[in-house]
Amino acid sequence: KATYLRNALAKKEKGIGFWLTFPHPSIAKTILAGGGFNWVLMDAEHGLITDSDYYTLANHIAASGASPIIRIPVDSEWQIKRALDAGAHGVMTPMCHSAEDAARIVSWSKYPPLGSRGYGPMFCPHTFNVAEATYPTQADKSLLVIVQIESRKAIENVEAIAAVPGLDVLFIGPFDLSKQMNVQFGSDEHEAAIQKTLKAAKSAGKTAAIFCSNGAQAKERLAQGFDMVSITTDVGSVAAEFDRQLAATLSV
Ligand code: 3PY
């Protein structure tokens with residue numbers, strides 16, 4: 001049975017997740033029924049999920065024992081607040097380029113005196129199954145602050161980003177990384193940037209994480225020392241399986 005992501009990582013278990021882009025809870029529930037995942041990324045950056053989907057989806061995911069993690073569209077205080085208040089166990093912020101960016105994101109994610117998160121914990125306790133009064137006392141140490149490393153500037157600053165107190169996870173977006181660096185996906189320069197991030201995260205005692213498109217890639221990254229991987233996306237799996245069955249039908 002899967003456990004919430006922070007507990008799993010604390011026990012040195014690997015964070016195994018999938019990427020949800022479709023907003024309907026039936027997709028999440030169908031995939032989670034098999035068990036084995038300890039986090040699910042709800043993608044409000046490039047997926048079809050929006051903030052009115054957060055509460056329902058997050059509660060379905062948490063009820064399965066996995067952590068709902070919300071990727072917000074941009075680095076923004078109000079977006080982080082909406083995601084946390086709907087019950088995210090962690091927020092993933094794309095395009096973090098510097099330690100200053102990371103420190104600002106941490107501050108927006110934590111209640112005073114650690115940060116500047118606004119107070120309104122009416123609905124977020126539901127995904128932790130705790131009382132409203134309990135949530136604020138646990139939130140700052142229970143929630144995961146996750147930033148994406150996916151630009152040349154972020155790679156240059158990756159040690160400083162990893163050193164930011166309160167930041168939990170450095171999550172590599174390999175596709176953006178290759179585009180933003182203007183290098184071929186899988187090239188030596190691309191891979192060197194990935195390995196630099198892995199090393200920086202591990203040296204700073206932070207979780208090293210990366211997006212993977214399939215299980216074989218995920219297995220390889222785990223063997224390299226990554227702590228947390230996505231293994232595929234809902235939309236990618238659906239499209240690939242339909243292609244596979246069509247090819248099987250039409251093959252001679
Ligand atoms: C990337 O690869 O750029 C991501 O952010 C994950 O899709």
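Reader: Why is Leu222 called partly exposed?

Author: Leu222 has a relative accessible area of 22%. Buried means under 20%, exposed over 50%, and partly exposed in between, with a 1.4 Å probe and protein chains only. The value of 22% therefore makes Leu222 partly exposed. Leu222 lies in helix α11, and its C-alpha atom is 7.9 Å from that of Lys14, 208 residues apart along the chain. The model is predicted: local features need pLDDT of at least 70 and side-chain atom pairs count only at pLDDT 80 or more, while totals for chains, interfaces and linings use all residues. Residues are numbered from 1 along each chain as its sequence is written, and side-chain values use heavy atoms, with hydrogens and water left out.

Reader: What makes Asn214 a cap of helix α11?

Author: A side-chain oxygen of Asn214 lies 3.2 Å from the backbone nitrogen of Ala216, at the N-terminal end of α11 (residues 215-224). A polar contact is a pair of N or O atoms within 3.5 Å; within protein, one must be able to donate a hydrogen and the other to accept it, and residues adjacent in sequence count only if both atoms are side-chain atoms. Helices (H or I, at least four residues) and strands (E, at least two) are DSSP runs, numbered from the N terminus. Just after α11, Gly225 takes a positive phi of about 120°.

Reader: Is Ile172 buried or exposed, and how do you know?

Author: Ile172 has 1% relative accessibility and therefore counts as buried. Ile172 belongs to strand β6 (residues 169-172).

Reader: How do you know that β4 pairs with β3 and with β5?

Author: Two strands pair if DSSP finds at least two bridges between them. Strand β3 (residues 67-71) and β4 have three bridges, in the parallel sense, and Ile69 has Gly90 as its bridge partner in β4. The chain passes from β3 through helix α4 (residues 77-85) to β4 in a right-handed β-α-β crossover; right-handed means that, with the strands pointing away from the viewer, the path from the first strand over the helix to the second runs clockwise. Four bridges join β4 to strand β5 (residues 144-149), again parallel, and the partner of Gly90 in β5 is Leu144. Within β4 (residues 90-93), Gly90 and Met92 point one way, Val91 and Thr93 the other, and all are buried.

Reader: Which polar side chains have an atom at 2.9 Å or 3.1 Å from an oxygen atom of the ligand?

Author: For Arg71 the distance from a polar side-chain atom to a ligand oxygen is 2.9 Å, and for Gln148 it is 3.1 Å. An N or O atom in the side chain of Glu150 is 3.4 Å from a ligand oxygen. The protein covers 91% of the 230 Å² of accessible area that the ligand has on its own, by the Shrake-Rupley method with a 1.4 Å probe.

Reader: What makes the phi angles of Met95 and Asn129 worth a remark?

Author: Most residues other than glycine have a negative phi, and most peptide bonds are trans. Met95, in the loop between β4 and α5, has a positive phi of about 50° although it is not a glycine. Asn129, likewise not a glycine, has a positive phi of about 60°. Asn129 sits in the loop between α5 and α6 and is exposed, with a relative accessible area of 71%.

Reader: Which peptide bond is cis?

Author: The bond joining Pro112 and Pro113 is cis, with omega of about 10°.
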